[in-house]
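Reader: Could you walk me through how some of the labels in this model are decided? I would like to see each value set beside its cut-off.

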Amino acid sequence: MSLASSIRTIAVWEMNRSMTTMGRSVLPLAAGLLALLVLVTAFAAQSGVHMQDGIYRIGIDDPEVARIVTPDSRFTVELADGHTLWNDRFAYDILVLSGEVYAADTDKGRAALTALRRDYDAYVSRVAAAQPDLFAGYPLWIDLEYVRSEIDFLATQSGQQVGAPADTRRPPAPSGPVEAVTPPPATVPVSENDLRQHLAETGSQSPLSRYTGIISSSSATDGLRTPAELSPPLPYDALILVFVFIFPLYFTSQFFMMSVMNERIGRAGEALLSTPVRPAAIVVGKAVPYLAIMLLVSAAITVFIGAPLAILLPLFPVILFFLANALIIGMAARSFKELSFVSIFFSTLATSYLFFPTVFANTHVISIISPLTLVVLQIQGEGFTAVEYIYSTALFFLTSAVLIYAGTVNFREERLFSEKPLTSRLVDFVAGVIGRDHPHLSLFLLSAFTIPFVFMVQMMTLVLFFNIPMPLSLVILTVSAAFIEEVAKSVGLYAIARERPGFLTVKNLLLGAVAIGAGFLVGEKLLLFATLSQITESIFGSVLFLSLQVLWMPLLLHIGGVLITGTFLLVGGRRAYVPGLVVASVVHSLYNLYFLLGGLS
Amino acid sequence: MNARHIGLVAKKELSGLSSEKTIVFAILLQVFIAMFSSFLMVGLTAMYDPEALEGYSTATYGVGYAGADSPLIDEFEKRHDLVLHRMDLSPALAALRERRVAAVIYAPDTPPDAEGPVAITLYLIQNDLQSSVINVKIKEVLQGYERELREVRADRMVSFPVGLNFPDAGNAESFYEFVYGLLLPILVLLPAIISAALIIDLITEEYQRQTLETLLSTPVTFTEMVFGKILACWAIVPVQAGAWILLLGLNGIMVGNAVPILLHVAAAGLFLILLGAATALHYRERTSAQFVFSTAVVVLFLLVMAVPYNPLNLVVRLAVETAGPVHWLILALVTVATALLAGAVAAYGRRVARAPPATAR
């Protein structure tokens with residue numbers, strides 16, 4: 001059988017099987033639940049979300065004022081005469097007495113004050129919008145224009161200041177050429193009716209319409225807005241998009257994960273493995289139906305929300321990534337609960353990795369490292385370039401390819417049906433990738449291919465340690481970055497030492513260390529210069545990816561780190577692996593800190 | 001049902017959890033979610049340039065001003081963190097491109113009391129976090145100007161808003177509502193959801209691995225086995241939720257009424273776990289059960305959140321001490337519903353036990 005035809009056979013078989021186990025009993029109920037979901041969503045839109053109801057107590061002496069806060073369910077309003085209220089003043093977060101607002105001097109009081117101020121602003125806007133003379137109510141209209149700056153934040157490296165200018169008393173003069181600009185017109189280019197309509201639209205928003213209306217924002221007013229509508233471009237709405245697209249993908253990949261796991265329960269997959277079909281065909285054939293379903297679901301959602309189909313392009317590597325991870329998790333988990341926890345943990349990590357840069361979609365170049373940013377940009381109608389596409393999806397394509405390769409190589413009886421714990425199975429998978437004939441070449445390639453994973457994990461640590469105060473977070477980042485790199489470099493050596501204890505001789509250790517160090521450096525360089533140069537230039541980036549000075553120093557560092565861990569392995573056996581890792585990480589961190597401090601001063 | 005048998009099964013499942021170290025993943029997951037949420041709030045400002053974190057409060061930003069004289073200039077004079085530079089529009093925009101000013105404003109020659117609107121053009125740098133900071137500051141200035149213009153044109157208005165005098169408490173944006181109104185309920189209910197997913201795994205695994213018969217050859221009955229697993233999943237819920245409340249307290253976020261909150265969480269958690277158990281008993285196959293259950297949970301949560309005085313809201317109110325005794329009533333209602341569900345699951349379990357598992361593979 002040719003590879004293509006066996007893939008097709010497996011795919012059709014997989015399709016039939018999953019339809020019969022799942023189909024009849026689940027699909028009707030799922031459809032019912034989906035209908036219920038629509039109903040409940042409508043109900044929630046009607047009734048609002050009652051999560052923060054009644055968290056503030058407010059005392060008011062004027063029914064007119066009380067009407068301002070009644071629509072806001074966060075406030076529990078107590079309407080009484082001023083004297084009574086003043087006597088119980090400590091029971092309230094806010095008191096409004098004859099037009100004067102008093103707030104409790106606590107965090108809660110201040111939060112309540114902010115909420116009240118927003119409500120009051122909205123109320124003033126409502127009154128203004130009701131004026132027959134629109135331009136008496138709304139006398140000021142802002143046209144917001146964005147200017148592209150030629151200096152991006154690489155500028156910090158070349159000594160330019162990105163923040164506020166030091167001397168703000170003198171009018172700054174541009175050093176570059178000045179383009180002549182025609183001043184904008186003094187009148188509003190939009191009719192009064194359109195402006196009224198715009199106010200009516202933004203004024204009558206229910207809490208949920210913010211989310212349902214993200215795709216179709218009205219452009220009738222051409223970006224004109226009132227001062228109250230000026231808001232910093234932080235798209236929390238992107239979060240909603242993430243859930244709309246990622247949730248179905250996550251579920252479909254769960255089905256694939258379970259299908260892989262099912263092959264292992266009671267050695268059910270033994271028959272399949274004994275056929276002349278190659279493991280690659282089995283893996284790909286089993287994955288193809290799920291890939292197709294995920295693409296179809298994404299396309300359906302895209303069409304449903306009326307977004308351009310081009311957003312499937314950046315979603316494709318994400319789908320691959322989910323499938324590749326599902327394959328590995330399905331092959332490695334020992335029990336259902338392990339499968340659940342590992343997959344939930346993985347999907348949370350992946351979702352936040354996808355989501356967090358998207359927050360900056362309109363604010364910062366760093367956001368491009370997530371393919372979802374491209375989705376957001378495409379939906380906003382800005383589109384993306386081929387370079388941006390490569391930049392943001394390269395890590396996903398690379399890691400998926402590596403994982404699928406590792407899964408295929410290890411899709412064998414002795415790996416699938418062993419009862420070892422999770423970590424040692426994963427080490428087995430790594431050992432499976434190392435070829436017997438050219439171990440050093442394998443080590444070189446292996447360490448080069450760990451780079452995308454190292455970057456992904458380090459990006460996550462960047463997220464995690466962000467809210468720790470500055471000097472401490474830098475130290476923790478440095479140490480954890482060093483540790484992650486040392487683990488990645490030594491994992492091949494560890495796997496070999498476990499599988500073939502005789503391999504680890506002094507000569508092989510030296511050769512292996514050189515191979516790993518060189519591979520790591522080559523992979524790092526390739527990926528960095530191809531994609532991540534933007535991040536590496538920020539101060540956090542310089543911690544993570546410090547090893548970018550002259551070539552021989554990081555090379556020596558990488559080789560040295562592997563040698564330390566390897567020597568511990570050689571002398572103390574596998575039990576000395578963790579101490580070896582710690583020592584190597586300490587050395588690595590010291591190196592990083594030395595250059596970081598040198599670089600900072 | 002024999003309580004000792006249930007206890008034995010629960011103990012076995014709990015030791016299985018700790019020996020497989022899967023619970024570590026569950027805890028890691030929650031820690032990660034907590035850290036990630038706080039990153040979203042605090043880290044946003046720090047992403048651009050860590051030094052700017054302290055710089056945001058003291059830095060002075062230059063703003064280019066082009067066009068005609070207007071009262072807007074006086075509004076800017078009131079700010080100590082914004083410095084206005086009178087410039088021509090073209091050099092001002094060039095300076096903005098070089099980041100020598102943080103924003104440029106162009107004001108046309110419209111008198112404040114004109115018939116039409118005053119149309120101001122605001123230029124900011126695209127793709128820039130600093131622009132977000134400037135945006136907020138300039139918004140305040142423009143709102144002040146808007147108030148002033150409204151006063152000038154007051155004779156053309158037909159109705160006026162009630163005046164309120166706010167104290168000057170600064171504009172420090174606190175995360176109070178986020179922490180108490182969103183993070184806390186999520187954190188204390190996450191363990192319940194995790195446990196509900198866990199019970200499905202525990203029950204379907206017995207079917208799919210065909211280990212059920214071995215288990216039932218012991219004196220333990222089928223229903224006792226199911227409830228032993230439910231007990232194990234339930235036991236870890238208040239422990240994790242309590243740990244969260246403690247951790248938040250250590251972080252200076254004081255949560256009031258910890259015991260009532262834990263009672264609410266325990267009741268709601270048991271309800272979810274029973275729901276999961278019922279789904280698992282029905283399908284006896286992990287993928288189907290997990291899929292149906294998670295969809296059902298989404299529907300359930302949306303529905304619950306849309307109802308006033310729902311348990312999530314009560315957790316929030318309890319934490320900020322505005323709950324009132326009505327929460328005991330809701331707790332009693334949830335407990336009764338949970339007890340009814342427990343009875344139903346027990347009855348269903350007895351029925352399933354009599355019929356041998358024919359659908360399991």
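Reader: Why is A:Leu445 called partly exposed?

Author: A:Leu445 has a relative accessible area of 38%. Buried means under 20%, exposed means over 50%, and partly exposed lies in between (1.4 Å probe, protein chains only). A:Leu445 is therefore partly exposed at 38%. One caution: this is a predicted model, where local features need pLDDT of at least 70 and side-chain atom pairs count only at pLDDT 80 or more, while totals for chains, interfaces and linings use all residues. Residues are numbered from 1 along each chain as its sequence is written, chains are lettered from A and ligands numbered from 1 in the order in which they are written, and side-chain values use heavy atoms, leaving out hydrogens and water.

Reader: Where is A:Leu445 found?

Author: A:Leu445 is in helix α17 of chain A; helices are DSSP runs of H or I with at least four residues, numbered from the N terminus.

Reader: Why is A:Ser490 called buried?

Author: Its relative accessible area is 1%, so A:Ser490 counts as buried. A:Ser490 sits in helix α18 (residues 470-499) of chain A.

Reader: Which residues does A:Ser490 touch, not counting those up to four places away in sequence?

Author: They are A:Thr565, A:Tyr577 and A:Leu581, where contact means heavy atoms within 4.5 Å.

Reader: And how much of chain B is buried?

Author: In chain B, buried residues make up 58% of the 361 residues. Among its contacts between residues at least 6 apart in sequence, 72% join residues at least 24 apart.

Notes:
Helices (H or I, at least four residues) and strands (E, at least two) are DSSP runs, numbered from the N terminus.
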